[in-house]
Amino acid sequence: MKWDTLDEEPCSLSRTIAVVGDRWTLLILRECFLRVRRFEAFQSSLQITRHLLSERLKKLVRFGILRRVPYSEAPKRYEYILTQKGLDLYPIIMAMVHWGDTHMGDERGRPLLHEHKNCGKLFDPVMVCSECGEVLHAKQVHVHAGPGQREAVG
């Protein structure tokens, strides 16, 4: 596999990594889910260079993860808003946050707590089976080749 052609691989994970698989892109997405929208706010929060931020935002727009919406005409400035495709990355971001809370935390505890607006309770993100609703664990899943797979999966 070549890094610059991951988006052409017959593997959903490779294709996803091609879009969101670097640290700056993931941190930009974190900020998006924390309601950051403007270039200067991303730059201030992340302490990222203008050039690098601009490249990552353009890539996210190109892949349809973010859309650019003007908020000022003079000078022309834009906000970056998550599209539905971008919002669909929320479970991935939350799974990484949960892993970090569980395995990378310190004595101070979690840096952020997440509250479900509908019930008002703090929660831990969990992955459940779309068919039966049971919590999924890696050892309880069997993988089968799908129609887009070139070779059999072991």
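I began with Phe-33, which counts as buried because its relative accessibility is 13% (buried means under 20% relative accessible area, exposed over 50%, and partly exposed in between, with a 1.4 Å probe and protein chains only).

I noted that this is a predicted model, in which local features need pLDDT of at least 70, side-chain atom pairs count only at pLDDT 80 or more, and totals for chains, interfaces and linings use all residues. Residues are numbered from 1 along each chain as its sequence is written, and side-chain values use heavy atoms, with hydrogens and water left out.

Next I looked for aromatic pairs, and a search of the whole structure gave one. The ring centres of Phe-33 and Tyr-90 are 5.1 Å apart and the planes stand at 55°, so the pair is tilted (rings of Phe, Tyr and Trp, the last by its six-membered ring, pair if their centres lie within 6.5 Å; planes under 30 degrees apart are stacked, over 60 edge-to-face, and the rest tilted). Because Phe-33 lies in helix H2 and Tyr-90 in helix H6 (residues 90–103), the pair ties together parts 57 residues apart in sequence (helices, H or I of at least four residues, and strands, E of at least two, are DSSP runs numbered from the N terminus). I recorded Tyr-90 as partly exposed, with a relative accessible area of 34%.

I then turned to Arg-35, which sits in the loop between helix H2 (23–33) and helix H3 (39–46), and which counts as exposed at 57% relative accessibility.

Last, I looked up Ala-41, which is in helix H3 and is partly exposed at 34% relative accessible area. From C-alpha to C-alpha, Ala-41 and Glu-31 are 9.1 Å apart in space and ten residues apart in sequence.
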